[in-house]
Structure formats: structure tokens, C-alpha cells
Amino acid sequence: MSAFTRALLAARRNPNILRIPPYLSALCIIVGVVWLLLLPLNEYSRQTYVSENALLPGQVHTYFGGSEHNIFRAHRHEVFGLRESSMEERNQRLEEIFKDAGLKVARQKYEYTAAGKTISGENVYAILQGPRADATEAVVMIGAWKNMDDVINYSGVALVLTLARYFKRWSLWSKDIIFLIPPDSTLGPTAWVSAYHSTNPFPNISPLPLKSGALQAAIAIDYPAGPWGHRFDKLHVLYDGANGALPNLDLFNTAVSIASGQMGLGCTLQRMWKHNDSYQDRLVTMLRGMVQQGLGHVSGPHSSFIPYHVDAITLQTVGDGWHDEMTLGRVMESLFRSLNNLLEHLHQSFFFYLLMQANRFVSIGTYLPSAMLLAVNFSITAIVLWVQSGRPAKRNDLTSPLKGKKTIASSSSSKEKGKEAGNENDEGEEKEDEMTLIVKSGDLALVPTSTFKIVERNMFLPIALLSILHFLGLMPLYILNHTPESSLPTTTAVLLISTLALPPLTTSLLLSTPLHAQLTPRTLSLIQSLSLLLLSTSLSTLATLNFSLSLLLGLLSAPLSFIRPISSRSSPKLLLSVTLLVLTAPPVVLVVVCALVDGTWQRGWSKVVGKVVEILVRASWGWHVSGLWTQVVVWLVWWPAWWIGGVVLGCGLFVKDEREMDKVVGKRK
Amino acid sequence: MFPILFLAVCLILRIQAVYAIADYHERLLLRPLPHNSLLASFNFRSNASSVSFDEQNFRYFPRSLGQILQHAHARELHLRFSLGRWDSENWGARPWNGAREGGTGVEIWAWVEAETAAEANARWLTLTNALSGLFCASLNFIDSTKTIRPEKTFLPEGTHINQSMRNLHLLHGTLPHEVVCTENLTPFLKLLPCKGKAGISSLLDGHKLFDASWQTMAIDVRPVCLSEGCLLEMEQTVDMVLDIDRSKRPHDNPIPRPVPIEQITCDTSKSYSSHDSCYPLRKNVEPSWSLAEVFGRPLKGACPLESGEASSTVCLDVPSERSVHVQTDGSHHESKLNDNTSRCYKLPVGSNLDLVLPEQELAAQPSLAEPPLYASRSIVGHGQERGGVQATIINPTNDTANLVYLESLPWFMKPYLHTLRATVLTPGVLDMTQHAIKETHYRPALNRHRGTHLELLLSIPPASTLTLSYDFDKAILRYTEYPPDANRGFDVAPAVIRLESQSSGQTFLRTTSLLLPLPTPDFSMPYNVIILTSTVMALGFGSIFNILVRRFVGADEVDGRSKLAMKVLAIKHKARLLFGLLMLKIRGKGRKAE
């Protein structure tokens, strides 16, 4: 151990060691990305399996069929007949249908305001009290009146009504089953589930008049076929929750294994309509899943349940095929029979995973290192910058070994007898360097005085700057979440321009104040070091909560760990750094991504603006309704880090040369 | 033994039977409820005179239970096994006004005679352990953490002499997670004189009983003193609500397959009605049923041990227009009661009897008694740290309801009494600050020793809703304290509500039990591996980082410090040394003084 320690101590004096970290950082990024690209391979991903033994997916015979089909069609006609009636009339009729089936029905009103709009609605839900249940546990079946694409979910709602009537006849339910019909796919379920779990802290949501036990799982149906039906090809399983939380993998696996194993119904995910199990398809599925998770927005009626630790998925029908509503009904029957078997809350399987196919996944242990490596790259740079900021400013000493070689004291005893300081001016070559003579157990040694010099880091300016810039991140966060939709394009434009203008403005502000005397390269690297350290800690913490968001932000802010103050104004490095910085500015990234998605840029500038506004509106709704914190990360972590990167680059052009600074300091002394 | 006779006790049974010392009565009440449900209420009552009981001379009273009561000095015992919940919105008032039912799982309370509280606890433990063996239930798990001593909620039903009342200790325990099953029914039936072979108890089949929408089994033992002398009365009650459709399904084909389309009456008035679309018409007829269909076996005549010639054993609460066919080989006797809505049958001895009610459309639905209170309770909040409980009690009547609300909470659920809020909502009255809580009895929990006991005296104005809420903290258990199904959550016993009414009988109401999710460690192997690996990595990283970043400087090398500072440091050192010496001396002196 002591030899190891000595080697480490020797290594830290080695000037060459400071050259390695930038390469190490780059290596971390490259390995992180390559790691991610390796995941879809068979060797790194795993076949899914049902971990909870109690679920027994697909082990029961399903009986939904026969005359139930006639009843389903009648219900679909009933639902179709309600398409133009008001919400009040519609809920009245739905309530009657539920009551006919012998269930207890209740309604709940809610109202939400965001992006300058107020939306109100009313949920209607029915509770099937399990004949042997004691109201301690419940499972939810959701059929939102309108799905995420704002299309009326005729067959989905009709299926919920039919299944409610059909389930009532069974005596085997050990949990209550709640049938929920919200008017839309985001606000209604959120209002319902938040009222279910709270006394009534929100004045805009009325409390639930009827409750059951602890929610164990929720399954939503999205089947918008009209009164004449539509035969579908596959089930699209949606599983992303708000803020990138995922349901237990067992629930997803159960649905997939019942649909594909028992009913012969193919399953697909992340809008991959065609998936031929190739490397490329797996990778694209995984990346789409990561973008979805990273954005953290609500992807279906199930998403609102996941923050309350209620595992939930949405089953969506896609394509043209030969499966009809009865197949979907039997899938639901089998799925609810499986959930009914549950003895404990779903906990056996993974909560953190990336899916690349309906039956392949990678678990957190395998994928986490890639995001962590990206975060570590910032830590490495931060440590280097920290060390640099504490080094004396003699470049010669750092780069070349000592020229004035004398005997170097090498004594085994650790006791140091004394120290004499003196100027050795008569050494011809070493006029600038002050040397110190060390006497140690009889040996003499000449050591440059600079190595003894203690460099105090001035922490005030860096910390103050960092805190102020991070605090200012609250401004765009507040503005974007409280701007009405109509003025969002202007706001975005202002934000874009001001973001790009902020680093130069801050630089000139800093230089015009008395503070500029303190702006040495050393301070600059201290500022950058602290900023990167903060970024790295935030990202590695985030990686355990929302891996995808952390990875995406890590990639987008990767240039920040390579930016260094550049003093020459004509250097190609400067141009490169500025270009990279501009390209990775948060608002620029938003606009560029919106332009690139689905080739929006080809259809004109107004489409791009429309897309940007759409995303910002969704983010605003997410902030007000489902407590989305993607914006918080963007504006309070990424944006200030980027800003500081720009400031460091800008100040680098103006700060005085190190030696000049030293002379100034010397004169003062 | 009792020297003087006291009050006559008013019984809850409608028929006032004449008491004879040591007799046995049984009675079955059947009442069709809306939504194809049928309430079957079995009641068995056996007596033993206290003289014969003390001499261990048992006839109808079961010896097994009698000896346990004597051994544990239990003077009055109430034991409940329940499953499911009573749907008071559809089914109206509860049978026996709720006095013969318990919360989900097992509930037991008893008056135990003892000189001290410690002795009472010991006898209570004896009682629960003995009953646990008798009823094949986990009653032995009712330890001090699940036992409370209610102050106001339960009143003794029997006659206790004042003198001995002082030495009577009321103890109450619940097991909300206990699953009641056939293994509890068998010992229950064995306590009966006819043991399920004859009489109404021959209808009690485990399959049907536990397929019921709601069922409760009760045993009540109490001393009763009449003019003839004192006796010990035991009442066994089984109440259940059967779903007629479900119960009628044959044993060999219990699956509710979709019925053929020909058997469904479709609503042809719908515009879309066609051969492939059928909106089922809601039937407004009373379903047909018979005893043999609903209970899965016929009624095997009267129990010959039943005393009293004129007693009618099976009573049916149906309107007079409903036709009832009696099928039996023996002789039966039908009697209509004065209110004309119930008819009773005297059973033949030795031959089967079946009551058959055909499908019939009734002119008027029989009205159900309105329940005096509605109550529901739920857990609010999410997360691992804290939560809240919200109970809603509705008083639909036109009188002020005075009630006692009892909560027995496990120790790992730590309520904050200062957050206890009772808000009364009366339609048309804006004043929310009415003082609903009249009195509070609170005994806080002790970790791992006893649970919380909270008893509130509440008063709800007419036609008002009372919302009771409080917050609680979730305790973190030791890892050995988790049950095997740790992630299921922990059951919290139902709240017991007793309505204080003028009438003699007691009106009880129980909420459903709650499931409390506690912070649960991940008991899986990968988690342990992750923790271990992280610890090792943190240790390694920490030490290397420390060496890399720390600056090693000798104390005398530091030229940043002035000589003055060094002197100060030296003085400090000396001072500390002196102080230490001084302390040593003082201590030494102290020891000498001792």
C-alpha cells in the first residue's frame, strides 16, 4: 500500500499527467456511446421473462365470446350514439349502462389551466366490488373517451362497458375492479388518480365520492374503431409514464405473453410497426424508447398512474389484420385474471429497463454505465481544471524537467531537519527561477521555489457567478410555463436570441466591472471546474432516475468539457468551439430537433414554429398537470452549464496573460 | 350461585321465546334483496343454567367452549369471523343492526374476570390461544400489540352483578388479515347440538357460504338472569348474502359462460337492434330460487333437539303476493306473521323440506329499512414516509346521531392526533366549524408493545356528512418483522362505530379494513449484490481520490502562517495539556472522597 501511495504521490507531481484527462474524457464519451450501441446485441440484452410466479399469464381459459359479442356491438352503437352529445348527457348515459350492469357508479369533475387555456371535464367510473374482496386492493380498467390523437375511442369504451357487465358474473375476483371512463387521455386520468390518493389539496379537482382499496395496476384500452368495427393486426403496448418512470416489467411481460402466447396477437412498441428482429430495428426501438423516456411526457391514459406507484400500460390496436374486438376482450379478460392472482404489489421484476423488442430488454445494470461514463467525463475534466487552478503559473516548470540539476535529496528517513532559503542568482541559465536549497539528513537539494508556493484559489467569484446563473435559470422556466399559447412563438424567438447573446453580454459585463482584475485563467478554470462538477453530479444522479434524459443531456453538453479559454482570436480552435457551443445551445437544439423530426423543415418555416409551439405547450401542460420536471433539468442544469461554457470561452479572449498578471501581482506586493 | 336476580334482558330476536333453563332454539330468516341477492340469517341459541355450567354439566352448551371459558375466567365472549362487505346502499339496514357482525377477518372481545390488569392480560392470552385451537384460526397472534381496552364502544350484553363488574376487564383484539374459510366453519358447526346433520344448519355448506357476497359468523356467550334463575346463553349466528345467480350455478359447471343469445331478452326498441347487436333488457322480475338450489343441498328436517313445540324455524321475508311452494314428504306448518310480509314454517322431523319460489313480477318492490348510518374509510397519500386516513360517516336520518368511533391501529402506523380534523357538512349550512368531536379517548402506541387505541365520541347533525381525517407516519420495521408477503402491505383493522340510540338494542357499523403499504426493503439477491459492490467501489474511490487531491505539507513547512499563529497554536496545545491534567487530578480526588 505504501509503495502504491508513493507511486501515486510521484505521479501527481508528474507534469505529463495533466495532458491525459482530455483524452480520458473523450474516451469516456466514446465508450459510453459505443456501450449504448452494443446493447441491442444478443450478448448484452436479455429475453424477457415473467418474474412474479403468481401472475401465471395465459394459464386460464377465456370465455369472453358468444353472446357477449352481440352485447359488445350494442354497446358500441350506444357509444357511437353519444358522439355528439354533451359531456353531461354522455356521462349520464354511461352511468346508466354501468348501473344496469349492477355496479356502483360515481363521477368527478375537474378543471385545469395551462398555456393560457382552461380545460374542464368530468370522469365517470364504476366499481365492481369483488365478491370475496374486502376493499383493500383494486385494479383499474381505463377506456378514455378520446385517445391521445383526439379520436373518439368508440370500441375501447364499448369494450370497457361490456367487460364490466361480463366480469360482474364471475365470483373469483379477489380485488375490486374499477372501470374508469375519463373524457380525455391525459387530464381526466391525472385528476382521477390524484384525487384517489389525496384528501383534496387541489381546489380544481373534486374529491372522489366512491373509493376502493390500494390500486395495484391499471390497464387502458385504445381502440378507436367506429360502429362497424375494424379488424386490427397488432397490439401496440405503451408503457412510458410521466417523467420517464416505467411500470414494472412484469406487467408488460404479462400483457405481451398473453397477447402473443395465448391469443396469437403480435405486440409492438415505440411505433415500430415493422420489426424484423434485426440489430437496426432493435436499436431504433431502443432509441425511440429513450427519447420518449427522456422527454418524460405523458404518452397515454396509463402514464398518470405511474408516479403514484401504480403500474400501468395502454394497449393500442394498430394496423389491418384479422383480430377483432373479441380477441382484445379476451386479452383483457386473461390479463385481469392474471392480475387477480397477484398476492403482492408488483415488485418482483425490473422497474428500470430499456426495451428493444416486445421480448428483449436490457436491465439497469447493463445500460447504466453508458450514462455514468458520460457524466464521469465531466468529473474528470472538472478535477483536472481544479488541479490546474491550484498550480503555480510557470509553464516552463510544468513542461520541462529542471535544468539546474544538483543533487536531489533522497533520504529514506522522513524527518526533515531544516530548510534554508536563499537566492542562487549566479546560476547562469536559471536567472528567472528562484531556487531553494534544502538540507535534509545531511544532503543538500536545490528545488525551484515555485513548487513550495501555495496558490490560494479565489472561490468567491466562481461560486457567486455559478449561483447567479443557475438561479437565473428559473426565469425561462417560469416564463415558458406561464405563457399563453398565442404568444409562445415570440417568447421562443426572444429566448433563442437572448440565450445566444447571453455569454457575450455576461463577458462584457464582467470585464467592465472591477471584478475583471480577478478574472485570471486560473479563475476561469475554477469557474469551469465547479460548473462541470455540478453538471456531472446532477447528471449522474439523474441517470438513476431517468437514464435517457441524463444520457441525452450528457451527449448534448459533451462539448462543454473540451472548451478552454483561447486567447488568440484567429485560432481555428476558437471557431470550432463557438460553432459547437451555438449548435448545442438549448433553444437551438429545440428548434433544430423540431425541424428535423419527420422532415418538418421541408414543409416550411411555419411548420417548424408550429412544432416548437406544440412541444412547449405539451411541456407547459405537463408541468401544470402531471408535474413534469424535464424542464427543470433543462433550464436549471443544462442551460446554466452551457451559459458558463460560453462565458469561459468569451472571457478567455480578454483575460491578461498569466505572466503579465504575475507581474501586476508582484508590483502590488 | 348468584344471590339476587336482576334485570330481564331484552333480546334482539323478534320472536320472544319463553326461556326455559337449558334449551336450544334455531331459526333461519331468508330475505330477498335487490340485485338478485338473498340474505340468509341463521341463528342458533343454546342455554345452560349457571348451576349446571359451574358443575360442568353440559347438555346443549358445547363442553369444549364451556371449559375454555371457565379456564380463562371469561364471563362474556364475542367472537366474529367475517368476509366481504355489506352493501348498505343496495341492501339497506344490516341484520341485527350490525350487532352480530365483525370487521373483515377475525374479531374477538371478552369480559375477563381478574383482580389486576396483568392477570386479565394473562387470562386473555389463555383465552385467545385456546380459542385459536378450537376454531382453527390464528387467534393466538392476538398479542399485546393487537389488543386494546375499549372504554365506550362495547357494552356488556349480559347481566353482570355489580360487584363482579368491578373485576371485569374488557379486552378487544382483531386480526384483519385472517382469511375466514371452511376450516373455521367446521368447528363452528360442531358446537351445535345437531352438528349440521339436521335442522337449518344442514344448509350450511362451505362452498356456498364462502362464495357469498358477504358473510359473517358470530359466537356470543353471555350470562342472563331471569326470574327462574341465572343461565349462560350462547348464540351462534351466521349471516350471509348470496348472489342468487351465482349460487344457482351447478357444482359441476360453475363457470359463468356467456349464455346463448336466444336466452337473452334484447331491447328491440333500439334503432340498431338486429340479429348481431343485442342490448340486454334489464329484468324487473324477482328471480326464481329454491333452498336446494341456493344452498346446494336440501334442508334435512328439524333438529329434534330443538325445544319448544310451537316454534317456527324457517321464516321468509317476502311480500304476500309472492308465491311460495313448499315441497316436503313430512308435515309442515305455515304461519303468517302479523305484518303480513313474513311467513314462517315449522319444519318436519326426519324428512327434507324445500321452499321453491318461482320467477315472478312484483307489483311493488318491498321497501328496505334505511340504514341509520353510512361509513367508509380509506387511506390517502402515497409514498413511503407518511399518509393519511379519511373516514366519511353520513347520517341520513332526521335526528342527530351520537356515536362512538373506535380505531385500533397497529404500532407501525403512527397517527398525529393534532392533525385529527372532523368537518361536518350539512347541506345548506355553511358553518364548517361545528364541534363534532365530543370526547376523545386516546392511548398512544408503544413501539412493538401496543397499538394505538383511539376512541371518539362524535355527534352528527341530521342529514349531514362527517369527514374525519388524520395524518400518520409509517414506521420502518426491522427486516425480520416483515411477513413473507412483505410487498402486499399491512392490514389495518376496520373502525368500529356504535350508534348511541334510545332503543334497547345496540347498533354497530364497521368500515372496511385498510391496506397500509410500508417502506419495504428489496429482499432480492441482485439488490444485495448492488449494495455490496457500491460499498466496495465507494471505499476504493474515496481513498484514491483522497490521495490524489490532498496536499501533504509538514506543519513547520507552512510559511503561510505567521510566527504569532504558531505561538498561539503552541499555547493552545499547552492549555489543552494543562486542562487534561487538571481533570485527571479532579477525578482522582473524587475517587478518594468516595
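This is a predicted model: local features need pLDDT of at least 70, side-chain atom pairs count only at pLDDT 80 or more; totals for chains, interfaces and linings use all residues.
## Chain A: overall composition

Chain A has 669 residues, of which 46% count as buried. Its secondary structure comprises 21 helices and 14 strands. Contacts in chain A reach across the sequence: among those between residues at least 6 apart, 81% join residues at least 24 apart.

## Helix α7 of chain A

Helix α7 of chain A covers residues 249-262, 14 residues in total. From the first C-alpha to the last, α7(A) spans 19 Å, which is close to the 20 Å expected at 1.5 Å a residue.

The helix is mostly covered, with eleven of its 14 residues buried. The buried positions of α7(A) are A:L249, A:D250, A:L251, A:F252, A:N253, A:T254, A:A255, A:V256, A:S257, A:I258 and A:A259. In this model, a residue counts as buried when 20 or more other C-beta atoms lie within 10 Å of its own. Just after α7(A), A:G264 adopts a positive phi of about 65°.

## The two domains of chain A

The domain assignment divides chain A into domain 1, residues 53-358, and domain 2, residues 459-668. Taken over C-alpha atoms, the centres of domain 1 of chain A and domain 2 of chain A are separated by 41 Å. The contact between them draws on 22 residues from domain 1 of chain A and 21 residues from domain 2 of chain A.

On the domain 1 side of this contact in chain A, three elements each supply at least two residues: β2 (104-114), α6 (187-196) and α8 (279-295). The most comes from α8(A), with four residues. By class, the residues on the side of domain 1 of chain A that touches domain 2 of chain A are ten nonpolar, eleven polar and one charged.

## The two domains of chain B

In chain B, the domain assignment gives domain 1 as residues 24-251 + 295-300 and domain 2 as residues 374-516. The C-alpha centres of domain 1 of chain B and domain 2 of chain B lie 25 Å apart. Their contact takes 21 residues from domain 1 of chain B and 28 residues from domain 2 of chain B. The side of domain 1 of chain B that touches domain 2 of chain B consists of five nonpolar, eleven polar and five charged residues.

## A five-stranded sheet in chain B

Five strands of chain B form an open antiparallel sheet in the order β19-β20-β17-β23-β24. Strands β19 (437-443) and β24 (507-510) of chain B stand at the edges; each has a single partner strand, so one side of each is left without a neighbour in the sheet. From one strand to the next, the twist averages 15°.

Within chain B, strand β17 (residues 401-409) pairs with strand β23 (residues 496-500) in the antiparallel sense over five bridges. In this pairing, B:N402 stands opposite B:E500 of β23(B).

Terms used:
Residues are numbered from 1 along each chain as its sequence is written. Chains are lettered from A and ligands numbered from 1 in the order in which they are written. The expected span of a helix is 1.5 Å times one less than its number of residues. A residue is buried if 20 or more other C-beta atoms lie within 10 Å of its own, exposed if 12 or fewer, and partly exposed in between; C-beta atoms are placed from the backbone. Two residues are in contact if their C-beta atoms, placed from the backbone, lie within 7 Å. Domain bounds come from an automatic or database domain assignment. Ala, Val, Leu, Ile, Met, Phe, Trp, Tyr, Cys and Pro count as nonpolar, Asp, Glu, Lys and Arg as charged, and the others, Gly among them, as polar. Two strands pair if DSSP finds at least two bridges between them. Axes are lines fitted to C-alpha atoms, for helices over the stretch in contact, and angles run from 0 to 180 degrees between N-to-C directions.
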